[in-house]
Amino acid sequence: MRALLFLPASLLLSGCYTVARTAVDVVTLPVKAVSAGVDAATTSQSEADEKRGRELRKADEARAREARKLEERCRKGKPLPEDVCPAP
């Protein structure tokens with residue numbers, strides 16, 4: 001008999017839970033929006049480290065490209081005036 005009583009009560013309470021959950025979502029939405037805005041506007045230390053690492057890798061790749069070009073110009077015997085080629 002008690003099982004028959006609890007079944008309708010649980011169905012009614014699930015509707016209350018949905019209303020309460022929606023109310024909580026509406027209240028916390030502005031807080032979440034402000035938090036996301038602050039997070040987007042600020043840079044964490046790890047993000048700054050990653051950015052600096054990318055910059056260093058790009059600079060290193062550019063130096064390596066220039067070194068290969070210098071070596072090729074020296075090898076072909078057509079160095080630029082500012083090139084310092086090793087003696088053959």
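## Overall picture

Of the 88 residues in this protein, 2% count as buried, where buried means under 20% relative accessible area, exposed means over 50%, and partly exposed lies in between (1.4 Å probe, protein chains only). This is a predicted model, numbered from 1 along each chain as its sequence is written; local features need pLDDT of at least 70, side-chain atom pairs count only at pLDDT 80 or more, and totals for chains, interfaces and linings use all residues. Side-chain values use heavy atoms, with hydrogens and water left out.

The protein exposes about 8100 Å², and carbon and sulfur atoms supply 64% of that area. Areas come from the Shrake-Rupley method with a 1.4 Å probe, and for residues only the protein chains shown count as cover.

## Helix α2 and what follows

There are two helices and zero strands; both kinds of element are DSSP runs numbered from the N terminus, with helices being H or I of at least four residues and strands being E of at least two. Helix α2 has 32 residues and spans 47 Å from its first C-alpha to its last, close to the 46 Å expected at 1.5 Å a residue. That expected span is 1.5 Å times one less than the number of residues.

After α2 comes G77, which has a positive phi near 80°.

Let's look at D83, which sits in the segment after α2 (45–76). With a relative accessibility of 16%, D83 counts as buried.

Two polar contacts involve its side chain. One goes to the side chain of R73 at 2.7 Å, and another reaches the backbone nitrogen of L80 at 2.9 Å. Such a contact is a pair of N or O atoms within 3.5 Å; within protein, one must be able to donate a hydrogen and the other to accept it, and residues adjacent in sequence count only if both atoms are side-chain atoms. Leaving aside residues up to four places away in sequence, D83 touches L70 and R73, with contact meaning heavy atoms within 4.5 Å.

## The disulfide

The model has one disulfide, defined as a pair of cysteine sulfur atoms within 2.5 Å. This bond joins C74 to C85, with an S to S distance of 1.8 Å. Because C74 lies in helix α2 and C85 in the segment after α2, the pair ties together parts that are 11 residues apart in sequence.

The torsion about the S-S bond of C74 and C85 is about -75°, so the disulfide is left-handed. C74 is partly exposed at 21% relative accessible area, and C85 is also partly exposed, at 29%.
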